Amino acid sequence: MTKPVLAILGGTGREGGGLAYRWAKAGYTIYIGSRSLERARSAADAIRTRLGNPDAPVFGAENYEAALRGEIVILTVPYAAHRTTLEAVRDALHGKILVDVTVPLKPPKVTKVWLPEAGSAALEAQQILGDDVAVVDAFQNIAHGVLWEGEPSDHDVLVAGRGKANRRRVMELVEAAGFRPIDAGPIENTPVVEGLTSLLIYINKAYGAKSAGVRIVGLGQS
Ligand SMILES: NC(=O)c1ccc[n+]([C@@H]2O[C@H](COP(=O)([O-])OP(=O)(O)OC[C@H]3O[C@@H](n4cnc5c(N)ncnc54)[C@H](OP(=O)(O)O)[C@@H]3O)[C@@H](O)[C@H]2O)c1
């Protein structure tokens with residue numbers, strides 16, 4: 001099957017940049033989105049350099065243009081920018097999957113679970129985008145350092161969101177990024193996936209660690 005073109009909105013940042021690196025390494029065409037074309041191009045250059053491949057198909061674009069180009073669109077901005085970013089790109093997302101990586105954190109108390117009124121960032125995104133976009137959560141529980149440095153990794157990636165077929169497509173991306181995907185069910189389960197991140201941040205602090213994650217056991221497979 002041909003690989004979908006991926007757009008990563010906020011891909012200039014720590015988490016989105018790490019995902020862009022992983023997928024570029026796996027041979028995907030990537031559009032890194034930013035509010036600034038210059039920042040997007042420079043992030044794309046940095047990834048091609050890190051890959052040691054000046055011809056790798058990693059491009060920079062403003063968020064709206066990136067969202068238009070992407071067949072699957074990934075959102076990696078801070079929660080404070082979640083609604084405004086989605087509203088700005090909504091018209092470019094019709095019929096697509098939006099992979100929401102956002103964790104609704106309320107600084108400075110990021111070790112305490114906080115969820116928005118809609119129940120989760122994903123449920124909020126689904127409300128903002130309407131029914132012809134499928135919102136699927138993934139990578140909330142993967143610290144950015146793991147994306148840049150942690151290969152191979154035994155972290156699982158919980159994938160929860162609208163529609164089993166959409167989750168399957170996102171699970172393929174999780175595998176391509178080097179992680180074991182776990183089907184974590186419908187979008188109603190996203191509050192737990194997102195809330196887990198505050199627990200992991202707490203655990204990192206309590207144990208002096210940087211990359212606590214989740215591993216689901218008892219599945220009868222490796
Ligand atoms: N960092 C992690 O380890 C980690 C782990 C799991 C999940 N997450 C989640 O992933 C998301 C991104 O995290 P991050 O650490 O990568 O964040 P980040 O580096 O602080 O920001 C990512 C990008 O978001 C854009 N952005 C920042 N503030 C913005 C604003 N006010 N309005 C619009 N765009 C803004 C910036 O892109 P431009 O300036 O180029 O537009 C920035 O490069 C968050 O929701 C976070 O909770 C992070």
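Me: What makes the place of Gly 130 a loop between helix 5 and strand 6?
Reply: Helices are DSSP runs of H or I with at least four residues, strands are runs of E with at least two, and both are numbered from the N terminus. Helix 5 covers 121-129 and strand 6 covers 134-137, with Gly 130 in the loop between them. By the way, this is a predicted model, where local features need pLDDT of at least 70, side-chain atom pairs count only at pLDDT 80 or more, and totals for chains, interfaces and linings use all residues. Residues are numbered from 1 along each chain as its sequence is written, and side-chain values use heavy atoms, leaving out hydrogens and water.

Me: Why is Gly 130 called partly exposed?
Reply: Its relative accessible area is 23%. Buried means under 20%, exposed means over 50%, and partly exposed is in between (1.4 Å probe, protein chains only). So 23% puts Gly 130 in the partly exposed class.

Me: And how far is Gly 130 from Val 5?
Reply: They're 125 residues apart in sequence and 22 Å apart in space, C-alpha to C-alpha.

Me: Why does Asn 141 count as buried?
Reply: Because its relative accessibility is 5%, and that falls under the cut-off for buried. You'll find Asn 141 in the loop between strand 6 and helix 6 (144-149).

Me: Why is Phe 139 called buried?
Reply: Its relative accessible area is 2%, so it gets that label. Phe 139 is in the loop between strand 6 and helix 6 too. Its phi is near 70°, a positive value in a residue other than glycine.

Me: Why does Thr 85 count as buried?
Reply: The value for Thr 85 is 12%, so it also falls under the cut-off. This residue lies in helix 4 (residues 82-89). Leu 75 is 10 residues away from Thr 85 in sequence and 8.7 Å away in space, C-alpha to C-alpha.

Me: What about Thr 102, buried or exposed?
Reply: Buried, because its relative accessible area is 2%. Thr 102 lies in the loop between strand 5 and helix 5, and its side chain makes a 2.7 Å polar contact with the side chain of Asp 100.

Me: Which bond joins Pro 107 and Pro 108?
Reply: A cis peptide bond, with omega about 5°. Pro 108 sits in the loop between strand 5 (97-100) and helix 5.

Me: Which residues come nearest to the ligand?
Reply: Thr 12, Arg 14, Ser 34, Arg 35 and Val 77, out of the 21 residues around it. A residue is near if one of its heavy atoms lies within 4 Å.

Me: How far is an oxygen atom of the ligand from a polar backbone atom of Val 77?
Reply: That distance is 2.7 Å. For Glu 15, a polar backbone atom is 2.8 Å from a ligand oxygen, and for Val 103 a backbone N or O atom is 3.3 Å from one.

Definitions and conventions:
Polar contact = N/O pair within 3.5 Å; in protein donor to acceptor, adjacent residues only side chain to side chain.
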